[in-house]
Amino acid sequence: MNQNSDSSDQPTGQDPLLLLKTLQLLWTKKEMKKLKEEIRRGFAGLEDPLAGLLDMLESSSDWKGKGHSLGYYITTELQLWIKEHPAVQQSGIKLEKLQARVLRILAQCPANLLDPLISIYQLHTADRNYLLGHVSHLYHKGDYKEAAILSIKLKLQPDQDVEKMCTPLLLQDKTNLVEDYVGEYPELQSKLLHILDTWCEPGFNIRDITSQYQGLSRYKPDKFNRKMLSKLVFRLLDRFNVDPALCPNVINQRHLRTLNYLFYKRFVEKTMTQENWTDHVQSTVGENRWLQGHLIQLLIHYCDLNTAARWAQRCNLPKEVLPYGVADELQKLQIQERVEDASKADNYEESKKKDYYQLPIPRANIHFLQTWEEMLQCWEKVLQPGQVVGIDMEWRPSFGMVGKPRVSLLQMALKDEVFLLDLPRLLEQAEVEGEKEKLPHFIQMLYSDAAITKLGYGMSGDLSSLAATWSALKDMNKQAQSVVDLLTVDKQLQKSSIDWKKGSQKVDVLSPEQRCEDREFKQPEKGLSLLVQHVLGKPLDKTEQLSNWEKRPLREEQILYAASDAYCLLEIYEKLCKDPASFGLSSDLTGSLVGKPSIKPRAKKQLNKQEVPSPSGQQCKGSKKEPSCPPAPISPKEFSVVCDNMLQGLGRYLRCLGVDVQMLENDDDHRRAAEIARQEGRVILTSGLPYQTLQSQVAEGRCFSVNCSEKAKEQALQVLKHFNVQVSLADIFSRCQVCNCDKYLKVSRERMRQLVEGSRQASGDGSSGCLVRCAEKPGQSCDTTVPACDAAQASYTPHSERLEGQDPHGASAALAEGMVLQVAAIPPGVLDKAELTDFYCCTRCGKVFWEGSHFGRVVSQFQDVLVNAGDKQSIYELS
């Protein structure tokens, strides 16, 4: 400082920038204790600590990065220091003068600096319009993320347009930030969901609104489709507990998918009874005219006009909205009461007894309990020391709608009888009598009693549903003792390396349907049904699985199904305990299984317990287990697959290795893979939940689930190993990476140069392709057209033709009409490389390939699985 100047015009405190230099030196030396002391001493010596901090931040750039920095350390220390010296902040005028500088810094600083700066300069008490103006300035600059974060920190959301603020964030796939933006404001949550629902209207194009937003980074229009929006809406409905009626478009689309699923289960899989199907169709469609119209169209497709007319009559649809054939049939339709064919039903029941597991106890020993007085006999018998109880639960299928399932029926099986607890009625009675805790208390006593063995299948999921039914049971997983989850047994059976034996007859673990050859519907068994088949010889009859378990009275078929699901657990457990060695299990079966219920990581979407993937069926995780007898080796040319749309990276790797690969588009339904697999004889490659649906629609071994947590390269190695695909050098890049074609056109460098120059001359350097003329004989030509796309790296082409007019042996080049050669995409300079003598063009899409380093990289990546098939090194240098 100039000591000769008037002291009244100069600050008496320390210079902030000199303090900053001292702090930077200590920070570099990592002398943290001394740094902290110097910061506090420096603040005390500053004339204006608040302005001094801004001077230091504006003069330093290290605070702009993410994570821990000197700027962050200084700011947080000042925040603590101010709490000890509150007088520093008392001047409101001083703070107001600093606001513009603070906001400029906030627009650039990382998220971890926002809170301390807002607190130090008390921006929450600042002029709200001033703050909104600053956020608006950020927004119009295209800094949408920064504007949203600052709005959240300053709690400005109620004064802003939620659609305007959230739309650019959604377009950039920043849904987490959007959720935070509306997280504390129910009104904004409802507005956001309404906006998202309007985007799901038929005919809406998201590109109509993207033009309003400039400078969007990471914008992916193909990802922002109706399917993704629908998933987002349902997740937000669940998270914010908003009334689903606010989103009619999304709800209608979900109901329509439910209708399609019900028709598939009833008329393709044939695994639903007429009564179940009718119940679910009625509850799904309701009074919605749009859904009723789609129902009639599905009935016409799957059934006949008469059935469609009956449903039109049931829905009271006016004739003028019906298709002509249905309206005509409705005029002829006589109102008749449906007459069941008793003899047919009897014959059907007899066939079921032959094909499926049957309860070994009389019907009179199955008790349906609806009052607490009836419950007392159950209580006394179940809560006996040494008792073994098979426990199962049923709930109404949600078909993916919002909310967790609430248990409708609780089954408890003892050796000689089964108790079915009508939970909705029992809860209703308990509420009327003011004793809501009685039934949860009984269940708590049962699960926490170490002297009673509890049997279940997928017990963790059942207990989660119980917790959704009664909040008092939310900690049941932690309290449960002496439980045996037979899902764990199922896993151990799958891991066993020996054949299971039933008497002297072997049972093949990997071929469950072989024991069902005489059944009417040969759908592969899974879950508990498959375990019952392996251990007891016959599967469960699952046609009542998707019943409406909330509807009363229950049908007789539902009662028998529910009792069987619980009682079979007793028989499985008894048989395994008697002779565990014959099933490949440890002799100390009880000791290894009895204990706490296994808690598996839950998927984001909760499965019905009947849909728990069974490790006893075909392998679900390819990296975990290999077949006991490896298949015969095959070449990539003999292996054809269809990849689900979440495995496109895997598909590209396999195609790169010469495998015939079809890939689903992003908006394709997963079941499309099964259609392609059946039509073209391909193997399905999928992952996660879709595996459960797809593997039941194709033959055994024709659907494979890869590990979705691995990268595409590791997934490719997993598939090659599982199917014993032997890859040679000749297979690499033997298929076009764009269109999957395996035939190429060989073009010399000189001819390619002519084609490129001709293309540019013909279209003023703007051509997307060129017309290729190939002389068959002097004076004759054949026209071939070829489309330009990005240039790729080199490709080995075992199936190629040479575009030279005539090949070396004088044979004429036969080319299909209509092929467009993509020559305009060849980068400048490639044609001047002396080492490039030939180019290779896909005969289907016209993509141009040439020698490069990509071939060598692929070889090095898959060196461990390459086999020596007498390959020539072809034209590539592999160094």
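**Figure 1. Pairing of His 367 with strand β4 in the predicted model.** The bridge partner of His 367 in β4 is Phe 419. Strand β4 (residues 418–422) and β1 run parallel to one another and are joined over four bridges.

**Figure 2. The open sheet of six strands.** The strand order is β1-β4-β3-β2-β5-β6, and the pairing is mixed. Because β1 (366–369) and β6 (483–485) each have a single partner strand, they stand at the edges, and one side of each is left without a neighbour in the sheet. From one strand to the next, the twist averages 20°.

**Figure 3. Helices α20 and α21 against the strands.** Helix α20 (residues 372–382) lies across β1, β2 (388–394), β3 (409–413) and β4, and runs at about 135° to β4. Helix α21 (residues 423–433) lies across β1, β3 and β4, with an angle of about 55° to β4.

**Figure 4. Buried residues of helix α22.** Within α22 (residues 438–448), the buried residues include Leu 439, Pro 440, Phe 442, Ile 443, Leu 446 and Tyr 447. These residues lie on the same side of α22 because they cover an arc of only 155° around the axis. An α-helix has 3.6 residues a turn, so residues three or four places apart point the same way.

**Figure 5. Backbone geometry at Asn 316.** Although Asn 316 is not a glycine, its phi is positive, at about 60°. Asn 316 belongs to the loop between α17 (305–314) and α18 (324–332). With 61% relative accessibility, Asn 316 counts as exposed.

Figure 6. Pro 553 is placed in the loop between α26 (527–536) and α27 (556–578).

Definitions and conventions: Residues are numbered from 1 along each chain as its sequence is written. This is a predicted model: local features need pLDDT of at least 70, side-chain atom pairs count only at pLDDT 80 or more; totals for chains, interfaces and linings use all residues. Side-chain values use heavy atoms; hydrogens and water are left out. Buried means under 20% relative accessible area, exposed over 50%, partly exposed in between (1.4 Å probe, protein chains only). Helices (H or I, at least four residues) and strands (E, at least two) are DSSP runs, numbered from the N terminus. The arc is that of the directions from the helix axis to the C-beta atoms. Two strands pair if DSSP finds at least two bridges between them. Axes are lines fitted to C-alpha atoms, for helices over the stretch in contact, and angles run from 0 to 180 degrees between N-to-C directions. Contact means heavy atoms within 4.5 Å.
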